[in-house]
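Please look over the sequence and the structure shown here, and keep both in view while you read. The paragraphs that follow lead from the strands to the core, and then to the paired side chains.

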Amino acid sequence: MTEAGMQRTASRVFAALLSSDDASMTSAELSERLQISPAAVSGAVRYLTQVSMVGRERDPGSRRDRYRLHNELWYTTFAQRDSILSRWENTLRDGATTLGRDTPAGARVAETVEFFEFLQVELLALMDRWKVYQETRRTAEAGGGSARGD
């Protein structure tokens, strides 16, 4: 995650949550497991919350926050990226028009718009295939088979 650009501490907190049995931990548990300060946990969780990878909840009767990975984390993350891609696409489309599509810079920006249009179509199709795959796998597991037909 760090190599992909995520902050180091946020990457470690994310990995700790991902590898925990119930995908949730308190700040104290994260601090102890990762041997980092509560302030470092707080900063990492703030970042992970802002990018919608982690949610905050409370156990009944407790005053402690528990941090939990969102259900369908990757699907949700990529679905949110779709709106970001749309914004980039619109901004780039405006840029291509402003530069003039017949100029080298305008043509380059227009090609980038085409790439984002293609990426969005493919991403939506991929996400639809993922849902079908998941349903097929669940059905096969419920019936004792395998989604791959093994």
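This is a predicted model, in which local features need pLDDT of at least 70 and side-chain atom pairs count only at pLDDT 80 or more, while totals for chains, interfaces and linings use all residues. Residues are numbered from 1 along each chain as its sequence is written, and side-chain values use heavy atoms, with hydrogens and water left out.

Helices (H or I, at least four residues) and strands (E, at least two) are DSSP runs, numbered from the N terminus, and two strands are said to pair if DSSP finds at least two bridges between them. Strand 1, which covers residues 24–26, runs antiparallel to strand 3 and is joined to it by three bridges. Strand 2, made of residues 54–58, also pairs with strand 3 in the antiparallel sense, over five bridges.

How many of the five residues of strand 3 are buried? The word needs its cut-offs: buried means under 20% relative accessible area, exposed means over 50%, and partly exposed lies in between, with a 1.4 Å probe and protein chains only. In strand 3, residues 65–69, four of the five are buried, so this strand is largely enclosed by the rest of the structure.

The next topic is the nonpolar interior. In soluble globular proteins, nonpolar side chains tend to be buried together. A nonpolar core is a set of buried Ala, Val, Leu, Ile, Met, Phe, Trp, Tyr and Cys residues joined through side-chain atoms within 4.5 Å. The largest such core here has 19 residues, and those with the most contacts inside it are V13, L17, L30, L48, M53 and V54. Helix 1 (8–19), helix 2 (27–34), helix 3 (38–50) and strand 3 each supply at least two residues of this core, and the largest share, five residues, comes from helix 1.

Side chains of opposite charge can pair when their charged atoms come close. A salt bridge is a side-chain nitrogen of Lys or Arg within 4 Å of a carboxyl oxygen of Asp or Glu, and the structure holds seven of these salt bridges. One of them joins R56 to D65, with the closest N and O atoms 3.5 Å apart, and D65 is buried, with a relative accessible area of 19%. A network of salt bridges links R56, R58 and D65. Another salt bridge is formed by E57 and R68, whose closest N and O atoms are 2.9 Å apart; this pair links distant parts of the chain, with E57 in strand 2 and R68 in strand 3, eleven residues apart. E57 is partly exposed at 28% relative accessible area, and R68 is partly exposed at 26%.

E117 lies in helix 5 and R93 in helix 4, so the pair ties together parts that are 24 residues apart in sequence. E117 counts as partly exposed at 32% relative accessibility, and R93 is partly exposed with a relative accessible area of 26%.

Which kind of aromatic pair do W88 and F116 form? Rings of Phe, Tyr and Trp (its six-membered ring) pair if their centres lie within 6.5 Å, and planes under 30 degrees apart count as stacked, over 60 as edge-to-face and the rest as tilted. The structure holds three aromatic pairs. The pair of W88 and F116 is edge-to-face, at 5.6 Å centre to centre and with 80 degrees between the planes. W88 lies in helix 4 and F116 in helix 5 (residues 104–142), so this pair ties together parts that are 28 residues apart in sequence. W88 is partly exposed, with a relative accessible area of 48%, whereas F116 is buried, with 11%. W88, F115 and F116 form one aromatic cluster.
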